[in-house]
Amino acid sequence: MAREKKTARPRPGASGLEDSSTATSPASPPLLEAASQHEVVSEPAASQPSGSEAAASVGEAPSEKSGIKRSFVWDHFKVYDKIEHAKDASGKDIEIVHKRAYCIYCPRGKVGDFAIESSNGTSGMIRHINQKCRYYPPNMDKSQKNLVGDKFKGNKLTIVPYNQDDYLEACVEMIVIDELPFSFVEKIGFNRFCIKVCPLFDVPSRRKLCRIFLSMYDTSKKDLKKTLRKYRLSLTTDTWTSVQNVNYMVLTAHFIDIDWKMHKRVINFCVIQNHQGATIGKLIESCLVQWGIEKVMCLTVDNASANKSALEWLVSRMNNSASYEQILSGKYMHVRCTAHITNLIVGHGLKRLQKSVLAIRNAVKFVRSSPKRLDFFKKTVEREKIPCKGLVCLDVPTRWNSTYLMMEASLKFKKAFTLMAEDEDSSFANYFKEPDEEYDEDGNLIPSKNKRNRVGPPQVEDWQKAEVFVEFLRVFYDVTLRVSASLHPTVHTTFHDVITMEKNIDNMLLGPQMPTGSETEIILIDMAANMRSRWFKYYGSFHEINHMVIIGLVLDARFKLKNVTHTFQTEGLDDDEVQRRTLEIKTLLFALYDQYVMVVDGGRHLQRQQSPGSSSSTLTSRSNHSRGGVRGQLLNNWKKVVQESSEAVIAHEVDQYLDAPLDPTDDEDCFDILCWWKINGCKFPVLAAIARDVLGIQTSTVASESCFSTGGRVIDCFRSSLTPRTVEGLICMQNWLLGDDIAEVVDDCSIENLEFYEEVEQEHESTASSKTNVCPAPNPRAKGKGKLGAASNVIDV
């Protein structure tokens, strides 16, 4: 098809030069005047007029011969070709191309669309930009309110006016939450997006955005600092080394607000010089002083020896300082990470299964190494008619729980792997005849030096070990998932989890899964013995478990102290030992009560009675002073009978809670312990305050370790120039923005609230009195055609 280009002949005086200073040019905003010398794509060729003609034709289309567009409007219009289909004189189909331009702000349509051929000037486009374009930012009415909604908060629609500061804050939040670089706002794509979606928004530079971010971080930190001072916090901490080879320490605060909702807030992500105990302890104290935190419940750390010495130093420092409000002198402040200990115990036992695990890992690696091998594996699965829609997954060798998931998924396809291994000429069999792979320190593949073939393919013994391995470690995997939660309590289930893991190891030693004396059985028993030795190292006796963990179980209305006693009995302890340890836990609960009662209710609750005899004599002496005569003597005698009988009235709040009926539940997952205390806390106000602090204790450091994943994305090879303060602000503020709102007490006893309610009552009384003085409404007109119903001047006496 022939293509013909149609160009109109320029009228006399047409010029491609735009002189915005002439009187014929419409007044343009400062932004447009500054952009008047911008160069864009050239236009079709046209004859160049003389200078006098150019002066008389200001505002017309630019010269195509020069290839330069000098008018400011070309910064706001985009040129395009409009093709018209027609026929020439001989009847052939031709295309006639018309040059046009449309406003980049207006929606595509007839408005803002102009012809830019030689016969047309730019006056219409200038007039459109300066006067008619409603979407051009300087022309838009910034007082016009917009209807907006937040889909993350129930799509609640609100009407808000334009506010550049709000837009900038939203832009900072986007950078922080989505882990974007500050230079993102200077990229072409984001600027084009803003022009289309929100032309009012003045996109900031990277420097300005960073300054706004630091200001927002300081303001948010100040507000959060005021909130955290109201609660007793449980802390978790850990250390990490970035790609900058800089050591960071993270400190996370956990607490339960007044609405019985659990929160976590990353309060520090700071540089630490080394991993020594004294250095860790001093830095933690520095962070506490910086935040003004004086009330600490517990601090959860992993099992490193440096952390133990750090906690000892910190507890000693707090006890010697009057600014901290310690709980029982910090005796139970050190909580060890259950997830870390579980990882050490399981990892020590897996050493005996290393060869079998490696054989299965190589088989999975073959399937995942290329699409062709994956198709070969799928065809084998279809041939064996295995009813499983999932596929195998590769593990991370340093994380045993991922190894568990790999083995569990591989067992479902055991027949498929066996079928592929039977064909000696298949690519699967040849894969294990190749030399094993080796990697350098950076993870790069290097030529193998030992020339040993890959371990595998998996044999029958390997699959047998894997089956027992998966069944044995399922308990440990479930425990790891349970204690790793950070947004709901875990301390009340940890004691049962520890006992469950111990029973699982004992069952492997006492009752093997395959009592045949085979090599597989011997290896598995040896694995359980290795894990048992590690178990005695970390949980040798119940004294190794922080008693606050057991208090968490006692505060569970389904178990209380009766379950603790039952657990001690099932562990084989004699009656005297069971009674002694039960009394030890009960004494600890009373000690907590005695410390909390002075804070919760000013000491107005009844304190624990020392002995029945002393309590009875005290009550009797008080009664003798307050009452006299025969009636007083009768009452005193009855009190003695009541105190000596089994129907004695329980006066202490702890006894009331412990002796109350248990709260049964069939499904453990359906029980919400925070909801229970929210409903029943009014019955036990002091114990509710204890429960709010104890249930906030973390039994793992996963909440702090998860910050290292964020840190690895924030500080990567392409963003390694960030300063430590900026890194801390990015990680902490992301956690604050993504966290739920913290409930606060709104209605408190104050003069302002009293005056408010008095004012409301006065308004109500005045409104009610005004209604009583109003004339009563006339009686309704009677239906029908009677004269009385039709009268309009009837007066009631």
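## A tour of the sheet, cores and helix contacts

Begin with the open sheet of five strands, whose order is 9-8-7-10-11 and whose pairing is mixed; two strands count as paired if DSSP finds at least two bridges between them. The model is predicted: local features need pLDDT of at least 70, side-chain atom pairs count only at pLDDT 80 or more, and totals for chains, interfaces and linings use all residues. Residues are numbered from 1 along each chain as its sequence is written, and side-chain values use heavy atoms, with hydrogens and water left out.

Select strand 9 (262-271) and strand 11 (334-336), the edge strands, each of which pairs on one side only. Strands (E, at least two residues) and helices (H or I, at least four) are DSSP runs, numbered from the N terminus. From one strand to the next, the twist averages 25°. Next, display strand 10 (residues 296-301), which runs parallel to strand 11 and is joined to it by three bridges. Leu299 stands opposite His334 of strand 11.

Move to the largest nonpolar core, which has 104 residues; Phe417, Leu473 and Trp677 touch the most other members. Such a core is a set of buried Ala, Val, Leu, Ile, Met, Phe, Trp, Tyr and Cys residues joined through side-chain atoms within 4.5 Å, where buried means under 20% relative accessible area (1.4 Å probe, protein chains only). Helix 15 (residues 460-483) gives the most to this core, namely eleven residues. Centre on Leu473: leaving aside residues up to four places away in sequence, Leu473 touches Val346, Leu350, Trp400, Tyr404 and Met531 (contact means heavy atoms within 4.5 Å). A second, separate core of 63 residues includes Leu233, Leu235, Ile293 and Phe708.

Now select helix 25 (residues 685-694): nine of its ten residues are buried, so this helix is largely enclosed by the rest of the structure. Among the buried residues are Arg692 and Asp693.

Continue to helix 4 (residues 164-177) and helix 27 (residues 724-738), whose axes come within 9 Å and cross at roughly 105°. Axes are lines fitted to C-alpha atoms, for helices over the stretch in contact, and angles run from 0 to 180 degrees between N-to-C directions. The two helices are therefore roughly perpendicular, a term for angles of 65 to 115 degrees. Glu173, Val176 and Ile177 of helix 4 meet Leu730, Met733, Gln734, Leu737 and Leu738 of helix 27.

Finish at helix 18 (residues 547-554) and helix 19 (residues 560-570), with axes that come within 7 Å and cross at roughly 125°. Ile550, Leu553 and Val554 of helix 18 make the contact with Lys560, Leu561, Asn563 and Val564 of helix 19.

Terms used:
Buried < 20%, exposed > 50% of the residue type's maximum accessible area, 1.4 Å probe, protein only. Parallel < 35°, antiparallel > 145°, perpendicular 65-115°, else oblique.
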